[in-house]
Amino acid sequence: MTRTTPSRRSVLRAAGLAAAGAGTVGLASCATPVVGTAAGTELAYWNFFTGGDGERMVDLVNAYRSEAPDVTVTDTTLMWGAPYYTKLAMACAGGRAPDLASMHLSRLPAFAAHLLDPFDLDELEARGISADSFPAPVWDSATVDGQLFALPLDTHPLVLYVNTDLCDRAGLLDGDGQLVDLGSPEAFLDAGRRLAEVTGSTGISWAAADGLASWMLFWSLYRQQGGNIELPVGGSAQVDREAMVSTFSFLRDMTDGTVCSPTLDGPAAPAVFASEQAGLFMLGPWEIVTAQTAGIPFTMVQFPAVFGDTPYVRADSHSFVLPRQSSLDPARRSAAYDMAASMLRNSDTWAQGGHIPALQDVVQSAEYQELQPQANYAGAAEVVEFDPVAYFSGSGSQLMSYGGQLVLGVCTRAQTPEQATDALVTWLDQQLAIPSPV
């Protein structure tokens, strides 16, 4: 399936160095990336970032423009979720694909087989990028059938937001002002009850009625119990029924109206935390701006191991991919490598929005280590758990939507944990019987 033959490497490298005149400069130690494309090269880049992330992405694109003034970059922002991936798939299949595109790693497997080109490891090495530049779980998830099909920009796991004032009043901070260990179901629920006494409302804010938030927590707790989901094409779903029922049961117990509300939606959950009606909040790190804007005393920490000994946590990664071209232009492909490398090198800017940079040179830099509270949860990248592999899974997917509906049904007592488990397994089998549309 690979196209990365030695002759192609030679062509790409020649195009990449033609205008440089002097060798390449690697990315190691955050050095200047390779910028060596011919004058007049055009580069098309698609992404789905809006809001604060959109502004930071514009900064990354403009940083590359300043590094490569001879490259004309056309960056296009499309609607997040299914609309983006449908349009990208159609563009790849129809020979109208951009040179570089953003993609969630959870969406990669369905695209890798027919719609993307793998990254040439030699070309990445020339830019100072290799497997040991990334956390192992992230690099592994970017690899399909032994080939690297995505270059991760970040990791965005489920994290725990902490109102330090409310938690202090609830007796949940230790002598150093750090959140006490919540590493058991009993400790987690007790923390919620103690915080509810302080707030007079609920203890923990979580959007049970939002598919993304509910699936992130469900998958984290399920994986912490050793649960897995295998989805063989044309076969039957293999699940750990006991762990699944246990996970649904915990979520039902948690959403008792005291620890958590069973009905908060996506916009309401961060608003509840920002207005100090809850002392803890569970979601991805992108809501950091909401808490900062509210001006409340808060920090963010790695989500605890509520079950088991390892704090496995659901995550995804924004990454860069190389859409398959009907006619490959070596200069444009070289520029795509350069632009991706540049954006990784400058991802300290990206980290301000809460995401954990994938490039370890950035994570280990003094600048990032001093970035608070972002540096507190960087270790989560080593224990991330991506969604089960299927064309209908991943961020913004059918699995996330349907799984979220089942979580909400359990939290509102519309169905039992056993019924939700049966429904999920039945639905998975139905999806596996449908050929992938990609």
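How do the residues of the lining of the largest pocket divide into nonpolar, polar and charged? In this predicted model, in which local features need pLDDT of at least 70, side-chain atom pairs count only at pLDDT 80 or more, and totals for chains, interfaces and linings use all residues, the lining divides into seven nonpolar, 10 polar and five charged residues. Here Ala, Val, Leu, Ile, Met, Phe, Trp, Tyr, Cys and Pro count as nonpolar, Asp, Glu, Lys and Arg as charged, and the others, Gly among them, as polar. Residues are numbered from 1 along each chain as its sequence is written, and side-chain values use heavy atoms, with hydrogens and water left out.

The confidence of the prediction is expressed as pLDDT, which is the predictor's confidence in each residue, from 0 to 100. The chain averages a pLDDT of 91, and 91% of the residues score at least 70. Over residues 1-35, however, pLDDT stays under 50, and for this stretch the model has 83 contacts beyond four places in sequence, a contact meaning heavy atoms within 4.5 Å.

Rolling a probe the size of a water molecule over the atoms shows where empty space is left. On a 1 Å grid over the protein atoms alone, a cavity is a set of points where a 1.4 Å probe fits but cannot get out, whereas a pocket is an open set with protein on both sides within 12 Å along at least five of seven lines, and lining residues have an atom within 4 Å of a point. Grid points are joined across faces, edges and corners, and a volume is the space filled by probe spheres set on the points. By this description, the largest pocket holds about 410 Å³ of space. Its lining consists of 22 residues, of which D53, W80, W286, H318 and H355 lie nearest the centre of the pocket. Two or more residues of this lining come from each of the elements α2 (51-67), α9 (211-224), α12 (288-294) and β15 (313-316), where helices (H or I, at least four residues) and strands (E, at least two) are DSSP runs, numbered from the N terminus. The element that gives the most is α2, with four residues.

A pair of aromatic rings is described by the distance of the centres and the angle of the planes. Rings of Phe, Tyr and Trp (its six-membered ring) pair if their centres lie within 6.5 Å, and planes under 30 degrees apart count as stacked, over 60 as edge-to-face and the rest as tilted. A search of the whole structure finds 23 such aromatic pairs. In one of these, the rings of W215 and W219 are stacked, because their centres are 5.7 Å apart and their planes stand at 15 degrees. These two residues are four residues apart in helix α9, so about one helical turn separates them. Both W215 and W219 are buried (under 20% relative accessible area, with exposed meaning over 50% and partly exposed in between, for a 1.4 Å probe and protein chains only). A stacked pair is also formed by Y402 and W427, with 4.9 Å from centre to centre and 15 degrees between the planes. This pair links distant parts of the chain, since Y402 belongs to helix α17 (residues 398-411) and W427 to helix α18 (residues 417-432), 25 residues apart. W427 is buried, with a relative accessible area of 10%.

Several features of the backbone were found in loops. Q372 and P373 are joined by a cis peptide bond with omega of about 5 degrees, and P373 lies in the loop between α16 (366-369) and β18 (384-385). D145, a residue other than glycine, has a positive phi, near 50 degrees; D145 is placed in the loop between β5 (143-144) and β6 (147-148) and is exposed, with a relative accessible area of 70%. Phi of E276 is likewise positive, near 60 degrees, and E276, in the loop between α11 (268-274) and β13 (280-283), is partly exposed at 32% relative accessible area.
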